[in-house]
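Here's a quick tour of this model, one feature at a time. Have the viewer open as you read.

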Amino acid sequence: MVERLLPVMDDPETGGFFAAATEHRLVVQACAACGSLQQPPRPRCRTCLGQDLGWRDLPQRGRVHTWTVVEHQINPHFPAPYTVVLVDVDPADDDAPAIRFVGHLPGRPEVAVGTPVRVVFEELPGGIVLPNWELATA
């Protein structure tokens, strides 16, 4: 059996994201200087180049922006078929910028642009928790 690839938990750029996931929180990197949000995390703010970066909680729901179905297995941890989704996180307020995350859904679920999804947290060995998405039911 092939071991699961695990994220690097002590990486200075992404460690806060995975730490928040262990608390079942979905977060995005936020600049203290200008308030910009950025995903994926970076060592500097992409807007003002500031280095005072923290984490802001996001709503745990979103909508499918686009998707594709993978039919040929390329990783032993993701048996084909599976669906890769790009999710627009629901904004916390009307003037919040679009934040997108990638995730995967098992099989070939019926999805369309705008299909509602919600965050699920996958518990892995060693206390590691990964956020992912599932179809939201009404």
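## Aromatic pairs

Tyr-82 is buried, its relative accessible area being 8% (buried means under 20%, exposed over 50%, partly exposed in between, with a 1.4 Å probe and protein chains only). This is a predicted model, where local features need pLDDT of at least 70, side-chain atom pairs count only at pLDDT 80 or more, and totals for chains, interfaces and linings use all residues. Residues are numbered from 1 along each chain as its sequence is written, and side-chain values use heavy atoms, leaving out hydrogens and water.

There are three aromatic pairs (ring centres of Phe, Tyr or Trp, the latter by its six-membered ring, within 6.5 Å; planes under 30 degrees apart are stacked, over 60 edge-to-face, the rest tilted). Phe-17 and Phe-18 sit edge-to-face, at 5.2 Å centre to centre and 80 degrees between the planes. Phe-17 is buried because its relative accessibility is 12%, and Phe-18 is buried too, at 13%. Phe-78 and Tyr-82 make a tilted pair, with 5.8 Å between centres and 40 degrees between planes. Ring pairs also tie Phe-17, Phe-18 and Phe-101 into a cluster.

Strand 7 (residues 116-124) pairs with strand 8 over eight bridges, antiparallel. Val-119 has Trp-133 in strand 8 as its bridge partner.

Key. Two strands pair if DSSP finds at least two bridges between them. Helices (H or I, at least four residues) and strands (E, at least two) are DSSP runs, numbered from the N terminus.
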